Amino acid sequence: DDARRFAAHVQHASGSAAHPLTDAALEAKVRSLARWRGWTGSADALIDALWRLDEAPDMAPVVRLLGA
């Protein structure tokens with residue numbers, strides 16, 4: 001049993017305002033979380049709907065894709 005402990009301080013974590021995710025990294029995170037949760041929808045369609053939210057009158061396209 002290895003009881004060693006390690007610690008590190010990260011001034012600005014990836015995804016923070018000071019170190020934002022790139023578009024590609026954000027899309028990869030959405031795909032990863034969808035797979036992890038076992039979601040069977042189209043991650044590409046969800047990502048597209050999320051990128052277009054500023055053009056949508058409401059959240060209906062995203063809600064529809066999530067099956068909520």
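Reader: Is Trp51 buried, partly exposed or exposed, and why?

Author: Buried means under 20% relative accessible area, exposed over 50%, and partly exposed in between (1.4 Å probe, protein chains only). Trp51 counts as partly exposed because its relative accessibility is 41%. This is a predicted model: local features need pLDDT of at least 70, side-chain atom pairs count only at pLDDT 80 or more, and totals for chains, interfaces and linings use all residues. Residues are numbered from 1 along each chain as its sequence is written, and side-chain values use heavy atoms, with hydrogens and water left out.

Reader: Where is Trp51 found?

Author: Helices are DSSP runs (H or I, at least four residues), numbered from the N terminus. Trp51 sits in helix H2, residues 43-51.

Reader: Which element holds Met59?

Author: Met59 lies in the loop between H2 and helix H3 (60-66). Met59 is partly exposed, at 42% relative accessible area. Its C-alpha atom is 9.1 Å from that of Ala49, 10 residues apart along the chain.

Reader: How is the span of helix H1 read?

Author: The expected span is 1.5 Å times one less than the number of residues. H1 (residues 23-36) has 14 residues and reaches 20 Å from first C-alpha to last, close to the 20 Å expected. Just after H1, Gly38 takes a positive phi of about 75°.

Reader: Which residues does Leu21 touch?

Author: Contact means heavy atoms within 4.5 Å. Leu21 touches Ser14, Gly15, Leu26 and Lys29, not counting residues up to four places away in sequence. Leu21 lies in the segment before H1. Leu21 is partly exposed, with 31% relative accessible area.

Notes. Helix = DSSP H or I, 4+ residues; strand = E, 2+ residues; numbered from the N terminus.
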